[in-house]
Amino acid sequence: MPFGRLTSATTPTAHIGLGLAAVGRPGYINLHRDRDLPDDRSADALRERTHELLDAAYAQGVRYFDAARSYGRSEEFLGAWLAARPEVRDVVIGSKWGYTYTADWNIDAEAHEVKDHSLATFERQRAETEALLGDRLDLYQIHSVTADSPALTDKELHARLAELAADGVSVGLSTSGPAQADAIRAALTVRVDGEPLFRTVQATFNALETSAGPALAEAHEAGLTVIVKEAMANGRLAGTDAPAIVQEIAAEAGLGSDAVALALVLHQPWAGVVLSGAATVTQLAGNLHAPLVGLDEERRSQLDALVEEPEAYWRHRAALPWS
């Protein structure tokens, strides 16, 4: 497992990863992108921003970087960064397939990505990823699996993914939606020649959406590495948008609300890597203070009161505008 490289890391930030969803394309659903990105959102401008973030993250101990075929040109930007730094060999590189980016660099596109978990899409996107990341790819994940996804039952696809794993690339999945737990538990039963297919699971978990927690604990117990995405709920748990109790804890710690939101996830015993979705170097620095936040039982109980019903949380997320 490539994440074994992190077991010997001595810096707490080694278990915070950097996701590139917010900087690999001009449009995304995080709050306040007008503040976070330059007016010029050309490919050159976002390539420069991505490389600045990767440099800063690596210098501060981050060792997992996460891209996807649907994150615009994120794989291209990451691949170029790696190619220019051949000495950087202690990182873990993950990407995802299953969504095709369709916005053509247009923030106001009618559809930004199209989901398809078919074997044909895997074959096409695997070739595209290989062209950009080559042998640096450590983990390939099925993007946004739900309990009814054909990716959980397609035996031909499973066989092809097992071949990829035999070639040294770990196979994982990410989940989304109010029934994440069902998708995770279904994935734990998928086997090829008697062996578990999936070695990682990436799921949404944050102070507002905790429903996947028990299933993620089961995945961890089964030996999977758990990667947590959207720990700040697309900006709802950051800055002055955060609930009052999050801001209160942050003020006491002398840190930002974002650090508190990430700290809550880092406190989960099953969390292997927690993703920062920072779009600026300043945001990244704030995120990386998360290991300094102490959350006692009283504070965790206060944060528990923020939890929303999964259906309500995901309806709110679906209504967020691309900007």
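This note goes through the helix contacts, the pockets and the cavity of a predicted model.

1. Helix packing, α3 with α4. Two packed helices are described by the angle between their axes and the distance between the axes. For helix α3 (residues 74-83) and α4, the axes come within 8 Å and cross at roughly 30°, and because angles under 35 degrees count as roughly parallel, α3 is roughly parallel to α4. On the α3 side the contact is made by Glu75, Glu76, Leu78, Gly79 and Leu82, and on the α4 side by Thr129, Leu132 and Leu133. Sorted by class, the residues of this contact are 4 nonpolar, 2 polar and 2 charged.

2. Helix packing, α4 with α5. Helix α4 also meets helix α5 (residues 155-166), where the two axes come within 9 Å and cross at roughly 25°, and these helices are therefore roughly parallel to each other. From α4 the contact draws on Leu119, Phe122, Glu123 and Arg126, while α5 supplies Glu156, Leu157, Arg160, Leu161 and Leu164. The contact of α4 with α5 has 5 nonpolar residues, no polar ones and 4 charged ones.

3. Helix packing, α6 with α7. The crossing of α6 and α7 is left-handed. The residues that meet are Ala181, Ile184, Arg185 and Leu188 in α6, and Pro214, Ala215, Leu216, Glu218 and Ala219 in α7. In this contact of α6 with α7 there are 7 nonpolar and 2 charged residues, and no polar ones.

4. The largest pocket. Rolling a probe the size of a water molecule over the atoms shows where empty space is left. The largest pocket holds about 1000 Å³ of space and is lined by 49 residues, with Tyr28, Asn30, Glu230, Asn234 and Gly235 lying nearest its centre. Two or more lining residues are given by each of the elements α1 (33-36), β6 (139-145), β7 (170-175), β12 (273-276), α10 (281-287) and α12 (310-319). By class, the lining of the largest pocket is made up of 19 nonpolar, 19 polar and 11 charged residues.

5. The second largest pocket. A volume of about 150 Å³ is found for the second largest pocket, and its lining consists of Glu123, Arg126, Ala127, Glu130, Gly134, Asp135, Leu137, Arg160, Asp167, Gly168 and Val169. Helix α4 (residues 119-133) contributes the largest share of this lining, 4 residues. The lining of the second largest pocket divides into 3 nonpolar, 2 polar and 6 charged residues.

6. The cavity. When the whole structure is searched, 1 cavity of 30 Å³ or more is found, and the largest cavity contains about 30 Å³ of space. Around the largest cavity lie the lining residues Ala207, Leu237, Val246, Val260, Ala261, Leu264 and Leu303. Helix α9 (residues 257-266) gives the most to this lining, with 3 residues. In terms of class, the lining of the largest cavity has 7 nonpolar residues, with no polar and no charged ones.

Technical notes:
Residues numbered from 1 in each chain as written. Predicted model: local features only at pLDDT ≥ 70, side-chain atom pairs only at ≥ 80, totals over all residues. Heavy atoms only, no water. Left-handed = near helix turned anticlockwise from the far one by under 90°. Contact = heavy atoms within 4.5 Å. Nonpolar A, V, L, I, M, F, W, Y, C, P; charged D, E, K, R; others polar. 1 Å grid on protein atoms, 1.4 Å probe; cavity = no way out; pocket = protein on both sides within 12 Å on 5 of 7 lines; lining within 4 Å. Points joined across faces, edges and corners; volume = space filled by probe spheres on them. Axes fitted to C-alpha atoms, helices over the stretch in contact; angles between N-to-C directions. Parallel < 35°, antiparallel > 145°, perpendicular 65-115°, else oblique.
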